[in-house]
Protein chains: 2
Amino acid sequence: MSFASKGMAATAQDEAYRAILQDIRSGRYQPGERLIPETIARELAMSRMPVREAFQRLANEGLVLIRPNRGCVVSGLTIEEIYELFEIRSVLEGLAVRLAMPRFDAAALAELDDHLVRMHRAGAAGGADWLGKHQEFHAYICGLSGRPKLIARIAALHIAVEPYMRVWLHHVAQPAHATERQDEVVEAIRTGDAEHAEAVMRDHVLRTAPRLAEFLRSRGQAAGALSTLPASAQI
Amino acid sequence: MSFASKGMAATAQDEAYRAILQDIRSGRYQPGERLIPETIARELAMSRMPVREAFQRLANEGLVLIRPNRGCVVSGLTIEEIYELFEIRSVLEGLAVRLAMPRFDAAALAELDDHLVRMHRAGAAGGADWLGKHQEFHAYICGLSGRPKLIARIAALHIAVEPYMRVWLHHVAQPAHATERQDEVVEAIRTGDAEHAEAVMRDHVLRTAPRLAEFLRSRGQAAGALSTLPASAQI
DNA sequence: CTTTGTAATAGTGGATACACTCATACAGAA
DNA sequence: TTCTGTATGAGTGTATCCACTATTACAAAG
């Protein structure tokens, strides 16, 4: 179930939130693109008030930028910002795995191996859902930390970079699964040494950043658009 | 200027946000207390719509809890949750100080000493503003990391526990300044060893948690109320 | 042709109105 | 008395409306 939030939308506002979030994660709404409440409201068959409130939530998660009287745009991340998010994620996931260590019994380790298999299979099958499996892998480890607020923060970070990861994985022939070496993380967990596992997880998370950054730099993307957009729509 | 956000409120919604945030931080609105949009709107001479949108922002920062059709309450933290926030803060501030290390020149170190002096002075003068000075100290170090998103996240964590810190410091005779040993952090920074500084900062942040927790436990607070509240208002 | 001022339009923030939900109090039945 | 059903009121969620802002297109002046 990766980092997707579950449950049904109880209110129209919640429905709007989920719909917009989904469209940002999937890349339908691209960085720099302006979101017009009226349009989205019509699409979802509601008034623009719940949509506006959904914007607020998204803005607080950094997924969208609202400037007074100037509307709401999907926030593009600069390469520096993407780096920063990976840095933050590295220490948070490092913390998570350290806290999770006591809970890694034989069953949990077996499940971890299952995750590796699923990831590998998804990668071999073209990589379309590799990202999802990868997030599930991380979510499983973080989940064992038993720290809800920590988990929520890590999930938010995964979501923030997801659109960029998506184009990256879509454009490279073999997705990162070949080089990402998740098994190093599992191996470190297996040693039982919490400090070591934390250090390995940190490295593991950070290792992705420069390669993603390089890809985005080569395409001149990030901070602006995943596709061509009018200059006025830029951040 | 500690972790307070600056600038004027451009919009009514922003004004509402700042006002409510201030009242939560200061302890005027206490954990478990229900916030009624109409009332607050009247106080601020606006309609309840911008107040509702301010609620959304506060909810995303975890300061407030909104349940559909059941209104908005100031979220009380359990002792476990407070621990968790300190854990998160420890790794984030550890990261911040590590990243800040290259920027600690003589001038920065001198400023750091100034912060220590100001904190000590505030502590000696009764400790009323010790908390503010303490936050400024941390904010200064984090600021040197040059990582805006990291800084914002740390600031949010400081704010989340501020109400609890406030009652604690108000009830103990000598505020933490005597035992907190901030100078250990400064000393570690002075060595120039980034790894060491990170480790010391982590310890420093974590050290506060058990003592705050013990205090709250002794008063039977946290998770509920800083004062007596009807059971129906509990989380 | 470029620049500058102006009008038109799209879009935003906020207020109000209305329907619905929830909680409480109270009355009647067991 | 205790329990249960109902009524009442407070509060919430959403739609609609209005005033204001910003942007764009266009026209007149240079």
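Guide: Axes here are lines fitted to C-alpha atoms, for helices over the stretch in contact, with angles running from 0 to 180 degrees between N-to-C directions. The model is predicted, local features need pLDDT of at least 70, side-chain atom pairs count only at pLDDT 80 or more, and totals for chains, interfaces and linings use all residues. Side-chain values use heavy atoms, without hydrogens and water, residues are numbered from 1 along each chain as its sequence is written, and chains are lettered from A and ligands numbered from 1 in the order written.

In chain B, the axes of helix α6 (residues 130–143) and helix α9 (residues 194–219) come within 14 Å and cross at roughly 155°, helices being DSSP runs of H or I with at least four residues, numbered from the N terminus. The two are therefore roughly antiparallel (an angle over 145 degrees). From α6(B), B:His134, B:His138 and B:Ile141 meet B:Met201, B:His204 and B:Val205 of α9(B), where contact means heavy atoms within 4.5 Å. That set divides into three nonpolar, three polar and no charged residues.

In chain B, an N or O atom in the side chain of B:Arg34 is 3.0 Å from a sugar or linking oxygen of DNA strand D.

Technical notes: Polar contact = N/O pair within 3.5 Å; in protein donor to acceptor, adjacent residues only side chain to side chain. Parallel < 35°, antiparallel > 145°, perpendicular 65-115°, else oblique. Nonpolar A, V, L, I, M, F, W, Y, C, P; charged D, E, K, R; others polar.
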